[in-house]
Every structure is written in C-alpha cells, then in structure tokens.
Amino acid sequence: MKYELKKRAEFIRKRLPLAALICIGVLLVPVFYHYNSKAQTQGKQSMCSDGWYITGYYVPREDELPGDAEEISVAHLGNLSFSQEFLNETRTEGWGITRFGWALGYYSGGWHRSDSGPLDAAGNLLSEGMIAIDRSLIPSGAAVRISTLPTPWSSKTFHATDVGVGIVGQHIDVFTGMGRAAEEETFRITSDNNRVCFTSKASEAARDGL
C-alpha cells in the first residue's frame with residue numbers, strides 16, 4: 001500500500017507542472033484574444049457627426065448638350081470650338097467629355113485636355129464613390145459612410161480622395177458619374193443635416209496634419 005501511494009505521489013509530482021501549464025494557457029487565451037483584437041484596430045480612428053451639407057458633382061457630356069459654338073483656347077492644342085452649354089457646365093463641374101471622346105478640364109484659369117479621362121485634384125481618374133472633402137475635418141484616403149442619403153448612396157462607402165475650392169467645413173461633394181443621369185443624382189443627394197461617419201488610419205491623419 002505504501003508503495004502504491006508513493007508511486008501515485010510520484011506520478012502527480014511529475015504531471016503537476018504540465019497540468020499547471022495547461023491551466024495557465026486556458027486562462028491566458030482570452031487575454032491573447034483581446035490583445036490581438038486590439039492590435040488589429042490599433043492605429044485607426046472612427047468618428048461620426050451630424051449637420052453635414054452634401055452636394056454632388058458630375059462630368060457633363062458634350063453630345064448631350066448641343067448648342068451654339070464657343071471658341072476657347074486649349075493648352076497645347078490651340079483654339080477649338082465646343083457647345084456653349086457644354087462649356088458652361090464644364091466650367092462649373094471641372095471636367096467634361098468632348099464630342100471627340102477626350103476629357104476637357106477647366107482649372108488654374110485655363111482649359112486642358114486629358115486623354116486618360118476626368119481627373120481629381122491629385123491627378124487620379126475620377127470614379128463613382130470618390131468625394132471631395134475639407135482635409136482639416138476628414139483626412140485624405142478616409143473611408144466615409146453617409147447613411148442619411150437616399151438609396152443607393154446611403155449604403156455606399158466613399159473614398160476621400162478629392163478636394164475643391166468651395167468644399168469648406170462640414171461639406172462633402174460626392175462624385176456621381178458622367179452624363180445626364182449622373183446630373184440628376186447630384187440634385188437628388190443635395191441636402192442638409194446629414195450624418196457622416198468615417199474611419200481612417202491614424203498615420204494618414206498625422207500625415208495630413210490632423
């Protein structure tokens with residue numbers, strides 16, 4: 001009997017460290033999970049606020065805006081004539097698609113040609129889902145949601161890549177696309193007192209001086 005008790009005691013003594021390690025491991029799983037989750041979200045900032053004014057901008061097409069011709073001087077091309085109504089819209093919106101198929105831009109007080117298509121302030125191609133923002137409030141590159149807009153815009157994730165002269169404070173300008181249908185969308189989404197939420201990396205905010 002003493003031999004058996006001694007044998008069991010020896011068995012327990014040898015296995016106790018292993019059992020203790022297993023218990024410690026089980027207890028630390030939630031801690032490691034929490035740390036990992038925190039690490040994945042570390043460096044990101046989320047913010048929501050109300051009272052935002054939303055407008056839209058689009059790219060007009062000359063073939064949808066016929067009218068009297070107006071001659072302008074295009075950088076590196078010389079004098080060319082375009083529909084006057086098309087030019088008026090392009091002056092307002094920044095870019096238009098000419099009857100020739102290339103994009104005509106109005107900025108820095110002059111007319112410019114782009115064979116790539118309409119561009120944002122950084123020289124990237126404009127695409128639906130881009131927005132112009134005031135970078136003192138929303139950092140460049142932020143992912144933005146505007147749940148108060150009409151469908152389908154309320155469920156979209158926008159990308160803060162553009163800026164505009166008139167985009168100051170709680171004002172966001174949403175790029176809606178090209179042509180008349182896109183113009184109609186600019187009217188439909190223009191509204192006050194919208195709720196805006198954005199998420200961005202803290203490093204991006206720091207890079208943009210926020």
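Predicted model: local features only at pLDDT ≥ 70, side-chain atom pairs only at ≥ 80, totals over all residues.
Residues are numbered from 1 along each chain as its sequence is written. Local features need pLDDT of at least 70, side-chain atom pairs count only at pLDDT 80 or more, and totals for chains, interfaces and linings use all residues.

Strands (E, at least two residues) and helices (H or I, at least four) are DSSP runs numbered from the N terminus. Two strands pair if DSSP finds at least two bridges between them.

| Paired strands | Bridges | Direction |
|---|---|---|
| S4 (residues 95-97) and S5 (residues 103-107) | three bridges | antiparallel |
| S5 and S6 (residues 110-114) | five bridges | antiparallel |

Tryptophan 95 has glycine 105 in S5 as its bridge partner, and alanine 103 stands opposite serine 114 in S6. Five residues separate S4 from S5 in their hairpin, where glycine 101 in the turn has a positive phi of about 105°. The hairpin of S5 and S6 has two residues between the strands, and serine 108 takes a positive phi near 55°.

In helix H3 (residues 179-189), the buried residues (under 20% relative accessible area, 1.4 Å probe, protein chains only) are Gly179, Ala182, Glu183, Glu185, Thr186 and Ile189. Seen down the axis of H3, these fall within an arc of 155° (taken from the directions from the helix axis to the C-beta atoms), so they line one face of the helix. The face turned away from this buried side carries Ala181 and Phe187, which are exposed (over 50%).

H3 also gives the most to the lining of the largest cavity, with three residues.

Conventions. Heavy atoms only, no water.
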